Amino acid sequence: MNGSAYDSSTRLGLALAAALVSTVLCTPATAAAPEAAERGQGAVATLAAHGERACPVVYFDLGETLVHTAADGSTTYLPGAASYLRTLRERHVRVGLITNVPPSWGATDGERAARLRTEVDATWRGPAAFAWADFGDRIRTPRTEAERKPSPVLWQRAKGDSAGCRVVYQAETAQEVSVASSLGFLSYQVGLPYRPAFLPAGLIELLGRR
């Protein structure tokens, strides 16, 4: 790596770190609703017992953020997505999905998530299967057409289930990133040139130490 490239990389890292620190220090964590917080306390204790980080929780959009659907209908990971999810898994960071699917796919998030998995798996062409197990029950989908993104409802539901943890959202569209930010998420737009493909895992870990 030449000196110019090194300097650019260093400046980028410092800029990202400064942006994250600014967000952490200036954006107060919003307390979850009492019932959500009560549920969360038990969940946090369980996670701690298994060595998994309670906070933060990192949510993603799915299509064109983690996976790509080609012109022939086949679905694969986007470049870097599989290794990034693996890194978060190794660091015991919880992840979730906030994604639009037809409300008719089920009466609950669990039912709609199961149908989503069936649809994605049916067209999957990657060398390794999509890491559904990483997301657990943290897949938020619209119950009605009115709840579809960019409506704020799915982000509000995800945040309410976070037990007061800071929440991160990563997506490819500026509009979704903007809405999530307005609701208190630390948001990051993926896929932009001259920046990391995803929010660096080390910076996410800093959130968990506050």
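## The disulfide

One disulfide, that is, a pair of cysteine sulfur atoms within 2.5 Å, is counted in this protein. The model is predicted: local features need pLDDT of at least 70, side-chain atom pairs count only at pLDDT 80 or more, and totals for chains, interfaces and linings use all residues. Residues are numbered from 1 along each chain as its sequence is written, and side-chain values use heavy atoms, with hydrogens and water left out.

The bond joins Cys-55 to Cys-165, with an S to S distance of 1.8 Å. The two partners come from distant parts of the chain, 110 residues apart: Cys-55 is in the loop between α2 (34-49) and β1 (57-60), and Cys-165 is in the loop between α5 (153-160) and β6 (167-171). The link of Cys-55 and Cys-165 is left-handed, with -65° about the S-S bond. A disulfide is a covalent bond between the sulfur atoms of two cysteines.

Are Cys-55 and Cys-165 buried or partly exposed? Buried means under 20% relative accessible area, exposed means over 50%, and partly exposed lies in between (1.4 Å probe, protein chains only). Cys-55 has 27% relative accessibility and is therefore partly exposed, whereas Cys-165, at 4%, is buried.

## Overall architecture

The protein has seven helices and seven strands. Helices (H or I, at least four residues) and strands (E, at least two) are DSSP runs, numbered from the N terminus. Along the sequence, their pattern is α-α-β-β-β-α-β-α-β-α-β-α-β-α.

Of the 210 residues in the protein, 41% are buried. Contact means heavy atoms within 4.5 Å. Among the contacts with a separation of 6 or more, 70% are between residues 24 or more positions apart. The protein exposes about 10,600 Å², of which carbon and sulfur atoms supply 56%; such areas come from the Shrake-Rupley method with a 1.4 Å probe, and for residues only the protein chains shown count as cover.

## The nonpolar cores

A nonpolar core is a set of buried Ala, Val, Leu, Ile, Met, Phe, Trp, Tyr and Cys residues joined through side-chain atoms within 4.5 Å. The largest such core has 33 residues, and those touching the most other members are Phe-60, Leu-62, Leu-66, Leu-88, Leu-97, Phe-130 and Phe-135. At least two residues of this core come from each of β1, α3 (81-90), β4 (94-98), α4, β7 (186-189) and α7 (201-208). Helix α3 gives the largest share, four residues.

Leaving aside residues up to four places away in sequence, Leu-88 touches Phe-60, Val-93, Val-95, Ala-201 and Ile-204. A second, separate core has 14 residues, including Trp-155, Cys-165, Val-177 and Ala-180. In soluble globular proteins, nonpolar side chains tend to be buried together.

## Helix α3

Ala-81, Tyr-84, Leu-85 and Leu-88 are the buried residues of α3. They line one face of the helix, because they fall within an arc of 95° when seen down its axis; the arc is that of the directions from the helix axis to the C-beta atoms. An α-helix has 3.6 residues a turn, so residues three or four places apart point the same way.

The buried residues of α3 pack against β1, β3, β4, β6 and α7. After α3 comes His-92, whose phi is positive, near 60°.

## Helix α4

## Local backbone features

The peptide bond from Lys-149 to Pro-150 is cis, with omega near 15°, and Pro-150 is in the loop between β5 and α5.

Ala-163 is not a glycine, yet its phi is positive, about 55°. This alanine is in the loop between α5 and β6 and is partly exposed at 25%. Tyr-194 also has a positive phi, near 65°. It is found in the loop between β7 and α7 and is exposed, with a relative accessible area of 79%.
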